[in-house]
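These are my notebook entries on a structure that I had not examined before. I set down what I looked up, in the order in which I looked.

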Amino acid sequence: MGDNTQLRSDEEQPPPAQIPLLSSNLQNDAVGGLHQRQQEIRTSNRLDDSLEYLERFLTCLGFNQSSLLSFSLSWAAFTVVGVLVPVLALELSECDGCEMYQIKNFEVGIVASQACLAAVSLFCISFNLRKYGIRRFLFVDRYGGQMVRFTDLYVKQIAASMRLLIWWLLPCFILKTAREVIRILYVQHKSRWISVAISVPLTLSWTYVSTISLSASILFHLLCNLQFIHFDDYAKLLERESDVMVFIEEHIRLRYHLSKISHRFRIFLLLQFLVVTVSQVVTLFQTTVYSGMINLSNGGDFAISAIVQVVGIILCLHAATRISHRAQGIASFACRWHALATCTSTDACLRHSNSLGSMEPLSQSNLLDITFSESDLDSMDYIAMPTTTQLASYMSSYHRRQAFVMYLQANPGGITIFGWTVDRGLINTIFFLELTLVTFVLGQTVVFNSA
């Protein structure tokens with residue numbers, strides 16, 4: 001009796017080895033969740049720091065116009081530094097016999113074109129930042145739980161954009177400084193310090209307006225590259241998921257944000273293109289009509305300003321074309337995915353039907369049996385067709401994939417300017433328009449002057 005009682009008590013007690021195992025699993029899960037939350041906080045902090053640094057930089061340039069005071073200070077600083085300072089410096093730099101080293105008409109045209117381009121950039125970007133804020137402007141707050149996956153890529157793209165700005169601005173600044181040093185050395189004023197006092201404000205003003213115009217192009221370039229990250233992830237989504245509705249919903253979201261970017265930047269892109277085109281045409285007119293000698297000193301600013309303007313256009317067109325072709329390339333990727341899924345599903349369906357009918361591999365004896373069967377009914381016994389449910393499921397998934405591919409082909413997406421998709425076709429059109437303008441200007445100046 002005592003042995004039975006002891007046996008029941010032993011059975012009622014849980015095995016002692018299972019308790020530490022359960023507690024260790026719970027502890028590991030808790031530690032893993034804690035590490036994951038800490039990782040999310042660290043990555044979020046890195047993105048916050050990058051965005052804060054970018055916002056401070058834009059504030060220094062005057063793009064942050066969230067209040068009436070900041071709006072007034074921004075445009076007042078632009079008017080003084082970008083317009084009044086270079087105009088006054090050019091008025092004070094007049095001297096007799098200085099056309100060898102500076103031509104006032106050239107300088108005034110350059111200042112006007114740079115100020116117009118910077119004003120367009122400052123107005124368009126500040127309007128969007130004031131309306132949406134830096135996070136909504138860059139579309140870095142829309143993925144919620146998936147934010148951690150993209151945070152490191154966001155930070156890298158922001159840092160790469162800042163390096164790109166320095167990479168293009170620094171060589172132009174060196175060229176501008178060298179040109180001003182040459183003018184200080186050769187332009188005769190009453191004192192050498194007067195030449196320095198004139199050249200330094202001109203250099204600072206040029207740096208200010210050039211940084212504004214290039215920063216606007218860099219921001220558009222950054223925004224397109226951030227969307228490029230999501231299109232790359234969308235291509236990987238086709239390999240991970242099989243639900244067509246998930247693909248369609250995600251593509252609608254991506255296409256919606258491309259349309260928002262196009263809507264926000266269409267005025268900026270159009271005005272930037274018009275200002276740069278008019279500036280280059282006027283420059284070509286001035287240099288071809290001018291009868292004197294043009295050298296690095298009196299015509300160097302033409303080349304420097306042209307580099308800044310053309311680089312801004314190229315950055316915008318390259319980013320827009322890249323994201324447009326990636327958006328359009330999703331359709332071809334989906335077609336390949338649809339073809340592979342269809343072929344794989346067909347093979348799997350046939351293998352499944354073969355297994356249902358217990359069909360063995362067809363050897364020569366099987367072929368003979370099928371060929372010389374006594375009746376057609378005997379030969380039909382060897383072919384096991386899929387069931388109605390299998391066929392309906394297969395055709396349903398096929399039609400869903402086919403509808404998805406047709407949707408992508410009808411809605412390619414991309415960056416647009418009032419309905420014109422920015423792709424290679426539009427770039428070819430722009431190139432031939434510019435070539436037409438150049439040949440027209442050369443025909444009106446060089447040919448007629450020679451005649």
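Entry 1, the end of helix 4. I record here that the model is a predicted one.

I then asked what span a straight helix of 35 residues would have. At 1.5 Å a residue it would span 51 Å, yet I found only 41 Å between the end C-alpha atoms of helix 4.

I counted 12 helices and two strands in the protein chain. I wrote the order along the sequence as α-α-α-α-α-α-α-α-α-α-α-β-β-α. The protein chain has 451 residues, and 39% of them count as buried. For its accessible surface I noted about 25,600 Å², with 65% belonging to carbon and sulfur atoms. I also looked up contacts with a separation of 6 or more: residues 24 or more positions apart account for 86% of them.

Which residues have the most contacts inside the largest nonpolar core? I found Leu138, Phe220, Phe265, Phe404 and Ile415, in a core of 72 residues. Among the elements that give two or more residues to this core, I listed helix 2 (18-61), helix 4 (104-138), helix 8 (296-356) and helix 12 (424-450). Helix 6 provides the largest share, 17 residues. I noted a second, separate core of 10 residues, which includes Leu169, Cys172, Leu214 and Val311.

I set aside the neighbours within four places in sequence and looked up what Ile415 is in contact with. The partners include Phe220, Cys224, Leu258, Ile261, Ala320 and Ile323. Trp420, Thr421 and Val422 are also among the contacts of Ile415.

I located Phe71 in helix 3, which covers residues 68-92. Is Phe71 buried, exposed or partly exposed? Its relative accessible area is 37%, so I classed Phe71 as partly exposed, given that buried means under 20% and exposed over 50%. Leaving aside neighbours within four places in sequence, I found Phe71 in contact with Gln65 and Arg130. Phe71 and Arg130 lie 59 residues apart along the chain, and their C-alpha atoms are separated by 9.9 Å.

Conventions
Residues numbered from 1 in each chain as written. Predicted model: local features only at pLDDT ≥ 70, side-chain atom pairs only at ≥ 80, totals over all residues. Heavy atoms only, no water. Core = buried A, V, L, I, M, F, W, Y, C linked by side-chain atoms within 4.5 Å. Buried < 20%, exposed > 50% of the residue type's maximum accessible area, 1.4 Å probe, protein only. Helix = DSSP H or I, 4+ residues; strand = E, 2+ residues; numbered from the N terminus. Contact = heavy atoms within 4.5 Å. Expected span 1.5 Å × (residues − 1). Areas by Shrake-Rupley, 256 points an atom, 1.4 Å probe, with all protein chains shown as cover.
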